[in-house]
Amino acid sequence: MEDTKILGYSIPKKCRVIINAWAIGRHPDYWEMPEEFQPERFLNRSVDYKGHEFQFIPFGAGRRACPGMAFSVATIKLVLANLLNRFEWKLPGELRGEDLSMDEAPGLTTRKKASFVLVAESRTGGSEGIEVMDSAAIASKEM
């Protein structure tokens, strides 16, 4: 190990460098309108989420990549398919999709600023609804 310079910045040996994945994921050189919520931008594109192309690295990259990546990729389809198959998903009350805020809260991980609430109604004939909330909403109800 030795001291080095990258783009004019001095990096001393044994220095811990933290990569700003949030900024990379919103860089206008890689993404058109990077601040807009557009999940369709990934359709018909060869963006690799496994860390080989650095414009999109949700699981990190290199030796420090997330060890649970293979498990999460394999199970997310099964979990999502079961949720979509067994429940009818609706917004509560008179809320419309256009009313939802996609603003993000600052932090080490990306999360929504405002809680997202859905009502899940069983497709098997049960009339009871299940309220589904994110962890921030659950924490605020516990206090």
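## Overall fold

Among the contacts in the chain with a separation of 6 or more, 31% are between residues 24 or more positions apart, where contact means heavy atoms within 4.5 Å. This is a predicted model, in which local features need pLDDT of at least 70 and side-chain atom pairs count only at pLDDT 80 or more, while totals for chains, interfaces and linings use all residues. Residues are numbered from 1 along each chain as its sequence is written, and side-chain values use heavy atoms, with hydrogens and water left out.

The chain contains three helices and seven strands, and their order along the sequence is β-β-α-α-β-β-β-β-β-α. Helices (H or I, at least four residues) and strands (E, at least two) are DSSP runs, numbered from the N terminus.

## Surface and interior

Of the 143 residues in the chain, 10% are buried; here buried means under 20% relative accessible area, exposed means over 50%, and partly exposed lies in between (1.4 Å probe, protein chains only). The chain exposes about 12100 Å², and carbon and sulfur atoms supply 58% of that area. Accessible areas come from the Shrake-Rupley method with a 1.4 Å probe, and for residues only the protein chains shown count as cover.

Ile6, Leu7 and Tyr9 make a nonpolar surface patch of about 420 Å². Patches are made of residues with over 30% relative accessible area and no salt bridge, with like charges joined within 9 Å and nonpolar side chains (Val, Leu, Ile, Met, Phe, Trp, Tyr) within 5 Å. Tyr9 lies in strand 2, which covers residues 9-11, and this residue counts as exposed because its relative accessible area is 60%.

## The loop between helix 1 and helix 2

Two residues discussed here, Cys66 and Arg26, lie in the loop between helix 1 and helix 2. The unreviewed UniProt entry places the feature "binding site" at Cys66; UniProt positions are given in the numbering used here, feature names are shortened, and annotations may be inferred rather than shown by experiment. Cys66 is partly exposed, because its relative accessibility is 33%.

Arg26, by contrast, counts as buried because its relative accessibility is 17%. Leaving aside neighbours within four places in sequence, Arg26 is in contact with Trp31, Pro34, Glu35, Glu104 and Thr110. The side chains of Arg26 and Glu104 are also joined by a polar contact of 2.8 Å, a polar contact being a pair of N or O atoms within 3.5 Å; within protein, one must be able to donate a hydrogen and the other to accept it, and residues adjacent in sequence count only if both atoms are side-chain atoms.

## Salt bridges

Side chains of opposite charge can pair when their charged atoms come close. The structure holds five salt bridges, each being a side-chain nitrogen of Lys or Arg within 4 Å of a carboxyl oxygen of Asp or Glu. One of them joins Glu88 and Arg123, with the closest N and O atoms 3.0 Å apart. This pair links distant parts of the chain, for Glu88 is in strand 3 (residues 87-90) and Arg123 is in the loop between strand 6 (118-122) and strand 7 (129-132), 35 residues apart. Glu88 is partly exposed at 35% relative accessibility, and Arg123 is partly exposed at 46%.

Arg96, Glu98 and Asp99 are linked in a network of salt bridges. Glu98 counts as exposed because its relative accessibility is 63%, whereas Arg96 is partly exposed at 49% and Asp99 is partly exposed at 41%.
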